Amino acid sequence: MKGFLAVYLRELLIIWHRLPRMLLSFSVSPTLYLVAFGFGLGKELEVGGRPYLEFLIPGLIAASSMTQGFGINVEINVARFYLKVFEEFQAAPISNLAYVLGEILSGVTRALLSVGVILLITSLAGVNFFYGPGFWAGVILNAFIFASLGVTSAMIIKSHADQALVTNFIITPMAFLGGTFFPVENMPAPVQLLLKALPLTHAARLIRQAAYGEGLRWGSLALLVLLAALSLLLAYHSVDRAKD
Amino acid sequence: MDAVRVENLVKEYGPIKALRGVSFRIAPQILFAFLGPNGAGKTTTIRILSGLTRPTAGRAFFFEVDVFGEPVKAKKLAGLVPQTINLDLELTLYENLFIHGLLYGLSQREIRKRAEELLAFADLLPRKNHKVRTLSGGMRRRLLIIRALLHRPKILFLDEPTVGLDPHIRRKLWGLIKRIQQRGTTIFLTTHYIEEAEFLADRVAFIDRGQIVIEDTPKALIARLGKFAVDVVQEEGLETRYFRSREAAERFALELSGKSQTITIRRVNLEDAFVYFTGRKV
């Protein structure tokens with residue numbers, strides 16, 4: 001338990017020392033997307049009988065919780081390849097699970113901070129949603145899954161450059177295609193099949209439906225819980241592989 | 001009971017054999033040094049014993065606790081000072097120590113007490129709440145050492161603790177290491193500085209190409225060669241001969257005085273012993 005706390009506390013302290021910079025950087029992308037796609041391009045658009053802005057914001061929340069959750073991989077890489085702090089964890093009498101949970105939780109914390117920034121901007125723009133348990137379950141599960149995958153990728157890859165490849169080829173396309181900026185149903189049937197297999201699509205749908213106050217999407221919720229368990233397992237096993 | 005017992009440790013990276021059956025024992029409260037050139041297998045040994053690297057074969061015990069069989073129990077007995085300064089630069093000195101204390105299961109109260117005590121021990125108490133980024137190289141190295149001591153390890157692994165430091169800072173660290181040993185900690189040190197091993201170590205093992213060549217006290221290793229050395233610079237290069245007495249060394253030097261312009265008589269040192277037993281310079 002103390003091992004998990006130590007790993008998590010270290011990340012929290014780093015967040016605390018960088019908080020103003022971090023919050024500022026969290027606000028740049030969503031603000032740009034909201035201005036460009038929401039207020040600019042999407043001003044006259046409607047999706048499913050609602051203003052496009054109301055469709056876009058839950059999608060942005062899903063995408064942001066994914067990228068910030070997955071973004072823990074950068075911190076782990078710095079700790080592993082540059083600061084070598086990862087070796088301090090490896091040499092300590094803690095279990096792999098304690099390490100993995102500490103890092104994942106810090107990814108979830110970063111994701112929640114970024115979502116907080118979007119919600120602040122949203123409320124300033126005069127858009128209000130329902131923020132019930134379904135909404136937060138979607139955000140947290142999504143962040144948990146991608147933080148776990150972030151830990152896994154950080155353990156498997158051998159350099160910063162490889163990490164950038166993973167982000168460019170997997171995370172960035174998913175952020176655009178996973179039901180964030182447009183309804184997946186608008187795509188041709190075979191593409192739809194592919195997009196509906198993405199965890200982000202389910203997270204975006206779960207978050208959107210809950211934000212509209214239309215209840216829980218139980219299917220998406222169950223799938224995200226399953227994926228969270230699987231990704232945790234993957235992260236757990238990847239830590240052991242990091243030993244040379 | 002040995003503080004450290006290592007049996008036939010082997011590490012292979014594909015076709016490369018980093019360790020070829022390393023075995024040694026360290027008695028409690030002894031400062032044991034691994035002396036060898038870069039790539040000899042010093043760091044690999046420490047990394048395996050600290051749980052950072054998996055061995056290909058072999059066994060190791062800390063006070064009879066199986067290092068690979070009961071890693072969590074074994075890790076509690078050891079402290080590691082790695083060659084690379086792996087501190088969190090953005091955190092303060094105290095925060096770095098606090099995280100380490102939690103990792104080793106110490107209570108908050110215990111960490112606070114130990115941290116104050118150790119920061120004072122290493123003359124770093126006034127910098128307690130400064131970020132590590134603001135510290136000099138020597139200060140960071142001292143912090144690294146006291147961090148490894150926070151959980152009161154019985155064995156301390158020091159991997160090239162003074163590499164890259166100025167000579168005066170190196171000497172200051174030697175004092176700190178000696179004081180740690182005097183407090184009852186067993187120390188396993190790797191170095192490629194001959195004078196460091198000679199000054200600090202109770203016992204020295206020469207390691208070369210993944211194998212221990214010889215192990216003994218520095219005095220005994222030197223005594224195997226003699227007391228005095230005569231360096232003779234010739235056209236073929238430098239030749240060194242060893243003698244039991246100064247008179248014998250002087251007699252030899254006198255005989256050669258017409259043949260070489262540079263003849264030096266000096267005391268035999270640990271470097272002579274290393275070159276003699278391994279056939280290589282450190």
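I looked up F32(B) and found it buried, with a relative accessible area of 0%, where buried means under 20% relative accessible area with a 1.4 Å probe and protein chains only. This is a predicted model, in which local features need pLDDT of at least 70, side-chain atom pairs count only at pLDDT 80 or more, and totals for chains, interfaces and linings use all residues. Residues are numbered from 1 along each chain as its sequence is written, chains are lettered from A and ligands numbered from 1 in the order in which they are written, and side-chain values use heavy atoms, without hydrogens and water.

I then checked F188(B), which is also buried, with a relative accessible area of 0%. I noted that ring pairs link F24(B), F32(B), F34(B), F62(B), F157(B) and F188(B) into a cluster; rings of Phe, Tyr and Trp (its six-membered ring) pair if their centres lie within 6.5 Å, and planes under 30 degrees apart count as stacked, over 60 as edge-to-face and the rest as tilted.

Next I turned to strand β7 (residues 155–159) of chain B, where 5 of the 5 residues are buried, so the strand is largely enclosed by the rest of the structure; strands are DSSP runs of E of at least two residues, helices runs of H or I of at least four, numbered from the N terminus. I saw I155(B), F157(B) and D159(B) point one way from β7(B), and L156(B) and L158(B) the other way.

Finally, I found R170(B) over the face of Y193(B), at 3.8 Å from the ring centre.

Methods
Buried < 20%, exposed > 50% of the residue type's maximum accessible area, 1.4 Å probe, protein only. Lys NZ or Arg CZ within 6 Å of the ring centre and 35° of its normal.
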